[in-house]
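Entries follow in the order I made them.

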Amino acid sequence: EVDDKFTVHISSGNSNFTMYAINGADFPSLPDLRGDRGFEISADVLKNMIAKVSHSVAENDTRPNLCGAYFQIEGNRLQVVSCDSYSLSRCVVTCDISSVGEVESENFSFILPGHALGEMSKILADKKGTVRLYLARKHAILKLDGLVFFTRLIDGAYFDYERILPKDQNIFVTCERERLLACLDRALLIAEEKMQSRDKSYVKLEITGDTLHITSSSHSGRVSDEMPITHEGGDLTIAFNCRFLINSVRAAEGDTLKLSFRSPNQAVTMEPAEEKEGENFLYMVLPVRLKAQ
């Protein structure tokens with residue numbers, strides 16, 4: 001029951017609730033949920049692409065464009081990029097993409113905010129079939145199984161991420177992804193974020209011959225681990241924020257990863273060691289400077 005003062009009374013059996021509401025007429029008006037152009041894509045593909053890049057979307061950054069993921073569609077090629085100044089994710093997939101809407105187009109580019117990606121992941125979690133995404137001047141509208149979800153787009157052009165990707169790397173490591181992930185998970189028990197006046201702890205990778213040594217130390221203790229690898233190029237010692245590195249390894253797919261380095265002060269890139277037809281990814285993580293350097 002709702003009275004004229006918008007007090008809501010809910011009762012069921014021996015349970016009673018009283019809640020205070022406001023006039024529905026005061027609810028913000030919804031925007032015009034129509035887009036003149038859009039595309040249709042598999043819900044699984046969209047869900048997987050979001051999962052691969054959402055970890056490197058910036059949460060609080062003075063550059064609004066970094067607080068979202070950049071989508072670029074050219075025909076049947078979908079590319080999604082995100083960057084938080086410390087790590088970068090780029091995923092590309094070739095799949096069936098159909099143009100929908102009043103204006104037919106094969107090329108789209110837009111930036112979805114990070115919070116919208118999280119909500120879309122929840123919506124798509126158990127969905128199958130296809131999803132339609134329409135683009136208006138300021139909004140993106142997702143339609144699936146009678147559900148309509150809309151979000152504001154981030155205005156402006158995305159930065160030239162190709163410019164910051166490392167070039168001329170000459171140290172290459174191929175390793176088992178699950179084995180590397182397990183080693184980093186153990187190192188994370190010791191490596192920790194900033195506490196009080198202590199600096200952030202890091203995980204150190206030492207590439208020597210066909211062995212990767214993973215170590216970390218903090219006020220909690222020390223950890224040392226190692227795993228076999230296939231190694232080309234010189235030996236290298238490099239350090240990373242453990243959380244950034246582990247997020248990229250976890251988001252990657254496949255049994256083996258190819259890690260490419262150049263120096264202790266340049267970023268590492270991660271790619272699949274074996275190419276998968278119609279799908280590819282690249283992750284980049286910046287290192288931290290060791291005190292000895």
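Which residue is the bridge partner of Phe39 in β9? I looked it up and found Leu133. A reminder to myself: this is a predicted model.

Next I checked the strands around that pair. Phe39 and Leu133 are bridge partners, and the strands β3 (residues 37–42) and β9 (residues 130–135) are joined by six bridges. I noted the direction of β3 and β9 as antiparallel.

Then I followed β9 onward. Strand β10 covers residues 139–144 and is joined to β9 by four bridges. β9 and β10 also run antiparallel. How many residues does the hairpin from β9 to β10 pass through? I counted three.

Surface entry. I searched for a nonpolar patch and got one made by Ile10, Phe17 and Met19. I wrote down its area as about 300 Å². I also placed Phe17 in the fold: this residue lies in strand β2, residues 15–20.

Pocket entry. I took the second largest pocket and recorded a volume of about 340 Å³. What lines this pocket, and which residues lie nearest its centre? I found 14 lining residues. His55, Val57, Ala58, Glu59 and Asp84 are the ones nearest the centre. I then sorted the lining of the second largest pocket by class. The tally is seven polar, four nonpolar and three charged residues.

Terms used: Residues numbered from 1 in each chain as written. Predicted model: local features only at pLDDT ≥ 70, side-chain atom pairs only at ≥ 80, totals over all residues. Heavy atoms only, no water. Patch = residues over 30% accessible without salt bridge, like charges linked within 9 Å, V, L, I, M, F, W, Y side chains within 5 Å. Areas by Shrake-Rupley, 256 points an atom, 1.4 Å probe, with all protein chains shown as cover. Salt bridge = Lys/Arg side-chain N within 4 Å of Asp/Glu carboxyl O. Helix = DSSP H or I, 4+ residues; strand = E, 2+ residues; numbered from the N terminus. Pairing = 2+ DSSP bridges. 1 Å grid on protein atoms, 1.4 Å probe; cavity = no way out; pocket = protein on both sides within 12 Å on 5 of 7 lines; lining within 4 Å. Points joined across faces, edges and corners; volume = space filled by probe spheres on them. Nonpolar A, V, L, I, M, F, W, Y, C, P; charged D, E, K, R; others polar.
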